[in-house]
Amino acid sequence: MKKLFLLLLPLLFLLSSCAEEDNEPRIGYRAVLTDGIRYRVYEDYAVAHETVAEAGRASFTVRQTVDGRSVTALADGLFEGRTGLESVILPATLQEIGDSAFRSCEALRQIVLPPSLQEIGENAFRSCEALRQIVLPEGLETLGSCAFYACRALKTVTFPSTLAMAGEDVFRGSPFGDSLQEQGEFVTVGNGVLIAYNGSGGDIVLPKEVRYIAGVFARREIVSIDLSGVVGFAPFSFTGCDRLESVILPPALNEIPAHAFSGCTALRSCPIPSAVTHIGLSAFENCSSLPAIVLPEGLTFLGEYAFSGCEKVSGEIVVPNGVTALPESVFAFCKQVTRITLPDGLTAIGRNAFEECRALRFLAVPEGVTAIEELTFRGCVALDSVILPHSLERIESDAFSHCKELKKIYAPKRSFAAEWAAAMGIETEPTDSGEEGL
């Protein structure tokens, strides 16, 4: 019996190992490890997900297919920090290089990018200090922010005619980036991407060939700019332009990206086009001279801090029906706003959303919202009444802190909101919707 157990022991170990791997969570993919790279294989494609080879390995070959699926992407951070990496062979099927994929690969001297490549992510080759030249292939459309930042040996870059978008500081800290400062007032590459601006500021008139702005005006002393001829601009494009007073946005613009105008403290005119559906993180944060916020009817997304610190905005803000969530601090410190109208389809309000809206007197929270988060109304010193819905299940203890004028809550009878108001000693008046629900 003992001999039989010893004979079966390796088999039992193998079976237990296989079972452990099978039980590992997999969501829509299977993992395949080959030649030091673990791939995730999905139904129609595969991704080079992580490296598991020894730290000092000098070369890798990314496979073109795994289990019959084309490898189309390198995951974020795939080779990041491999300081001994000298060469990588990329597959002809590759479409995307993820954020920081080769970041700090200090020994990488050259790399051939395949013609299938469409996108290079943020910080993809950042701090590849030995990289001397790069040929960006025809078909490439997007260069992420800081993609070749601090590539201290990079002197030569070849651009494709297909390049349509680029982020900020793509080549900053490289000899090539320095050379862009000697190439005239406006430097464009690819399909009209403005990659450098060497002017003195003031009122900007863009050349007709400019179609996209790669964050080149940040913290510059510009006063006005007409963007009606461009298709878009990168995050941080105008951040810190504290003399900027007037902007004309493209009429077909769909998105105002993150931090686009943050810190533009003199901005007084920037009408948001009706085509805009997405306003990103901190897009207008601390635009302290902006007099009004008029949101387009088709808007569906507002980022955190989008209008935080817009201290001169007064009157009413109407949030369009397509917006289903208000994120953290979205209208915080809009100190002169007197009314904010929320859409019926709203389901979530983030913490600090209306903090220090000191002139706000009334707000109706629509049915569907389930929680009032921390500090949502903190410092709304003029707020005297609020309508709260039957759907409400939670109100954080400091949600209404320093709302010293809050004297009445409108809420359905026997609802959580009514019970909370009673516990807080606030007068409660039943709403019609509550009577109907009895």
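**Note on aromatic pairs, salt bridges and backbone angles**

1. The structure holds 22 aromatic pairs. This is a predicted model. One of the pairs is formed by Tyr42 and Tyr45, which are stacked, with 4.9 Å from centre to centre and 20° between the planes. The angle is under 30 degrees, so the pair counts as stacked. Tyr45 is partly exposed, with a relative accessibility of 35%.

2. A second stacked pair joins Phe125 and Phe148, whose ring centres are 5.1 Å apart and whose planes make an angle of 0°. This pair links distant parts of the chain, the two residues being 23 apart. Phe125 is in the loop between strand 9 (119–120) and strand 10 (133–135), and Phe148 is in the loop between strand 11 (142–143) and strand 12 (156–158).

3. The charged end of Arg57 is over the ring of Phe60, at 4.3 Å from the ring centre. In the other case, Arg126 places its charged end over the ring of Tyr149, at 4.1 Å from the centre.

4. The structure holds 16 salt bridges. Among them is the one between the side chains of Glu129 and Arg152, at 3.8 Å from N to O. Which parts of the chain does this bridge tie together? Glu129 lies in the loop between strand 9 and strand 10, and Arg152 in the loop between strand 11 and strand 12, so the bridge ties together parts that are 23 residues apart in sequence. The loops are those that hold Phe125 and Phe148. Glu129 is partly exposed at 36% relative accessible area, whereas Arg152 counts as exposed at 54%.

5. Another salt bridge is made by the side chains of Arg358 and Glu356, with 2.7 Å from N to O. Arg358 counts as partly exposed, at 38% relative accessibility. Glu356 is at 13%, which is under 20%, so this residue counts as buried.

6. Lys408 and Glu427 form a salt bridge in which the closest N and O atoms are 3.7 Å apart. Here too the pair links distant parts of the chain, 19 residues apart: Lys408 is in strand 32 (residues 408–411) and Glu427 in strand 33 (residues 427–430). Glu427 is partly exposed, with a relative accessible area of 46%.

7. Ser282 is not a glycine, yet its phi is positive, at about 55°. Ser282 is found in the loop between strand 22 (278–279) and strand 23 (301–302). With a relative accessible area of 3%, Ser282 is buried.

8. His402 likewise has a positive phi, near 65°, in a residue other than glycine. His402 lies in the loop between strand 31 (394–395) and strand 32. Is His402 buried or exposed? Its relative accessible area is 54%, which is over 50%, so His402 counts as exposed.

Technical notes: Residues are numbered from 1 along each chain as its sequence is written. This is a predicted model: local features need pLDDT of at least 70, side-chain atom pairs count only at pLDDT 80 or more; totals for chains, interfaces and linings use all residues. Side-chain values use heavy atoms; hydrogens and water are left out. Rings of Phe, Tyr and Trp (its six-membered ring) pair if their centres lie within 6.5 Å; planes under 30 degrees apart count as stacked, over 60 as edge-to-face and the rest as tilted. Buried means under 20% relative accessible area, exposed over 50%, partly exposed in between (1.4 Å probe, protein chains only). Helices (H or I, at least four residues) and strands (E, at least two) are DSSP runs, numbered from the N terminus. A charge sits over a ring if NZ of Lys or CZ of Arg is within 6 Å of the ring centre and within 35 degrees of the ring normal. A salt bridge is a side-chain nitrogen of Lys or Arg within 4 Å of a carboxyl oxygen of Asp or Glu.
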